[in-house]
Amino acid sequence: MYGLSLDELIEFDIDVKEIQEIIDRTDEAVSEKVDWTKAWSKKHPVLETYQNKVEKQVYETELNRMLGDLEKKYGYNELDAFLVLKDILANVWNSRKNRV
């Protein structure tokens with residue numbers, strides 16, 4: 001149905017479990033030391049190059065406004081508002097991927 005063999009599906013499931021275990025074992029102090037942009041740019045090179053092209057301040061201003069709105073309207077703290085916005089972005093990404 002998905003064009004994957006049973007071995008691939010099982011391997012994917014194991015990979016997801018391994019990733020979840022790593023996340024669960026990683027404490028906040030260690031996580032804060034990781035340069036996530038550098039780590040992800042190996043897979044997505046745009047993360048290394050966009051910073052000299054994109055007017056980040058425009059997007060940062062709008063994102064900060066949306067975060068503040070989530071905090072004010074729903075009483076979320078900063079982290080929860082950020083996580084909610086991140087999840088909304090992921091939903092938008094998934095719906096755009098499924099359109100094609």
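Which residues gather in a patch of negative charge on the surface?

1. They are Asp15, Glu18, Glu21 and Asp24. Patch members have over 30% relative accessible area and no salt bridge; like charges are joined within 9 Å, and nonpolar side chains (Val, Leu, Ile, Met, Phe, Trp, Tyr) within 5 Å. A salt bridge is a side-chain nitrogen of Lys or Arg within 4 Å of a carboxyl oxygen of Asp or Glu. Asp and Glu count as negative, and the place of a charge is taken as CG of Asp or CD of Glu.

2. This is a predicted model: local features need pLDDT of at least 70, side-chain atom pairs count only at pLDDT 80 or more, and totals for chains, interfaces and linings use all residues. Residues are numbered from 1 along each chain as its sequence is written, and side-chain values use heavy atoms, without hydrogens and water.

3. The chain has 6 helices and 0 strands. Helices (H or I, at least four residues) and strands (E, at least two) are DSSP runs, numbered from the N terminus.

4. Glu18 lies in helix α1 (residues 6–25). Its relative accessible area is 42%, so Glu18 is partly exposed (buried is under 20%, exposed over 50%, partly exposed in between; 1.4 Å probe, protein chains only).

5. A nonpolar surface patch consists of Val30, Val34, Trp36 and Trp40, with about 390 Å² of accessible area together (Shrake-Rupley method, 1.4 Å probe). Trp40 sits in helix α3 (residues 36–41) and is partly exposed, at 44% relative accessibility.

6. Of the 100 residues of the chain, 5% count as buried.
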